[in-house]
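Please keep the sequence and the structure in view while reading.

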Amino acid sequence: MDKEKEKELVKSYLYLNAVLPQLEEIIAYDAEARELTKGWNCTIQMHVPGGAGVRFVFKDGKCEAKLGAVSMPTISLRIPTPEAANKMIENTGTVIPMIWGFWNIGKLGKFMKLTKLMEKYLRPSEEDLKNKDFFEFHTRVKLMMAVYGMKAVGEHDTYVKGIVSKVPNGPMEIKVLPDGPVAHIVLDNGKFTVAKGPAADPMVVMEIKDIKLAYDMLNANVEFMEELGLCRIRLRGHVGMAESLAVVMERIGLYIS
Amino acid sequence: METYKFDKSYEWFERACKVIPGGVIGHKHPAFTVPGSYPYFASRGEGSHYWDPDGNEFIDWMCGFGPMVLGYNNPVVDAAAQEQAKLGDGMSHPGPISIEYAEMMVKLTKGMDWCVYGKNGADITTWCMRLAREYTGRKKILIVRGAYHGAQAWSTPSYGGIIDEDRTHVHFFEWNNLDSFMELINTYKGQVAGVMMTPYHHCIYADQQMPAPGWWETIGKVCKQEDLILISDDVRAGFRLDMAGSHAYFGYEPDLVCYSKAIANTYPISAGLGTSKLKETAEHVLFTGTFFSSMVPMAASIATVKELKRLDGVNYMMKIGKALCDGLVSVGKSNGFEIIMSGPYDIPFMRFAREKNFMLKQLFSGEAAIRGVIFHPHHNWFTSCAHTEEDVKKSLEVADIAFKKVKDKYGSD
Ligand SMILES: Cc1ncc(COP(=O)(O)O)c(C=O)c1O
């Protein structure tokens, strides 16, 4: 695959499998989003055939994001290529997806509104960030995005796949102290599974001192080795594994900011 | 037993971070031990001990990652170095001592006919690779997966600044796995210049592996059949298995031998030795560096070799290492842990049998460090001729406490 094509492919996985799934968190947190989806009992999916896919399962006032596409969702947006998916999400071109389930068009309109609402949390204003609660939530979403992003990059970027092939199998847990967000990623022969919450038997745990430091780390505003030395970020377990997976995480920045 | 504090280390680290990326460069960065439980800097050393900026004293089982074999500040080695320093160093020609040095190394090392000198291990391993290519006119170099041959682009385990092309012609096979070796030999028939290997497999985050019966014999045979250059990277094991080279210990016949670390008891020097068939080629492959001909480290190296011979150093280091290794297994057992010690006694690697992720080992090592004993959680350790039975006794007492701490937190096996 040529470099440009690979870039578009990885990006589409990042958008569909790391960025969009955060809608689950946002619906749980944001009253407006909850109102928009009130009473929904359906599955809405976006996917590139043979490529990235994400589906949102709405039920009992909750939304669950799942990676991958299924054959019979309520509504399906089928986007022909990774390039088209990226354009659509970046709003840089007109993309007309194939829509299955157009009789649910009202829902689709609201769903599109939801994705717009994400912007508020993904690119927050200075003002919003001053609110402690918002700041914590934004950082949580960003952390989850980074962890899901590791899967997208780790499985589809050729350079990173080379690194990943040498990393031992097992879970890496990332945890913000004292009671901040926790997520983990499990590596199994080049394939990643991502989940929220702690890992059962982690190979390595990264503990970040507090949410402010997590925010700075995720915005590339800290020097990692310095923070390790100062014990503000701690690694317990297979440090070599964390070192390699940090490269995977850093690589996300090459595709999306 | 009172535990140490590292306030000054941290203070210095913060200061360092302002002018040194990451505060400490490379493998001595605190992140690779247990930050918070180790000193970050060493101020002074003597024998097998050193002191940190807070004045804490440590028994050092890392020996500076290998170079210390006779003790820090060894009076015999330092006197020889100082004598040379008085005469001057860094002049516009190499000193006569460079000849004395090469003569000594050639005489010492089994099967070798000539010697060059550099600064670091990687200077030599990288040059040997080029030498093999020049001699054979071929490109490929075969190395063992997980082996370390230095931090040059072709061999570093790190990723920053590396491009694919740096390793296009470096191929990996598995230690003690003849099939994977032969697969490369057959795939790249007529293209392989050389094979670079350490005498035994000292990998990181895993048990060290000694050569399986017949391993070296077969490697040697295939290299001869295929006319490949066999490079023995003895940077880590050199002078700790056999003064004639680790190839003499395991009974193989390399074309090139790479030395550094232990050969000058912490003075900066490395050496490359080769057989006569490569001598002329060695003239064509530029090997130079401003400080390669420094005389003080050569004087130190000559004195180190004499001292190691006088003290029967290798046997002593093995003996003291055995006492430490056996002791740790036994103290571990009495605390309910199965402890695996792998590799030679004087370059041992310790692991809790039940774990793969090193959390127990990190806690163990950190608890030992705050009580004055430096083990490393992930890297192999080293012993020296300066380590005493008293050091072993004290280290095992501390290990006993450290094992108990591990038991308190994680439970015994
Ligand atoms: C086996 C081996 N080869 C080469 C090197 C590189 O030596 P240096 O760090 O002096 O460049 C090392 C260093 O640890 C080593 O252990």
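Across the interface of chain B and chain A there are eight residue pairs in polar contact, both residues of each pair being at pLDDT 80 or more; a polar contact is a pair of N or O atoms within 3.5 Å, where within protein one atom must be able to donate a hydrogen and the other to accept it, and residues adjacent in sequence count only if both atoms are side-chain atoms. The side of chain B that touches chain A draws at least two residues from each of helix 1 (7–19) and helix 11 (359–369) of chain B, these helices being DSSP runs of H or I with at least four residues, numbered from the N terminus. Helix 1 of chain B gives the largest share of that side, three residues. By class, the side of chain B that touches chain A holds 12 nonpolar, six polar and two charged residues, with Ala, Val, Leu, Ile, Met, Phe, Trp, Tyr, Cys and Pro counted as nonpolar, Asp, Glu, Lys and Arg as charged, and the others, Gly among them, as polar.

This is a predicted model, in which local features need pLDDT of at least 70 and side-chain atom pairs count only at pLDDT 80 or more, while totals for chains, interfaces and linings use all residues. Residues are numbered from 1 along each chain as its sequence is written, chains are lettered from A and ligands numbered from 1 in the order in which they are written, and side-chain values use heavy atoms, with hydrogens and water left out.

Within chain A, an automatic or database domain assignment gives domain 1 (3–123) and domain 2 (127–254). The table sets out both surfaces, where contact means heavy atoms within 4.5 Å, buried area is the accessible area (1.4 Å probe) that two parts lose on being put together, summed over both, and a salt bridge is a side-chain nitrogen of Lys or Arg within 4 Å of a carboxyl oxygen of Asp or Glu.

| Surface | Residues in contact | Buried area | Salt bridges |
|---|---|---|---|
| Chain B and chain A | 20 residues from chain B, 23 residues from chain A | about 1900 Å² | zero salt bridges |
| Domain 1 and domain 2 of chain A | 18 residues from domain 1, 20 residues from domain 2 | about 1800 Å² | three salt bridges |
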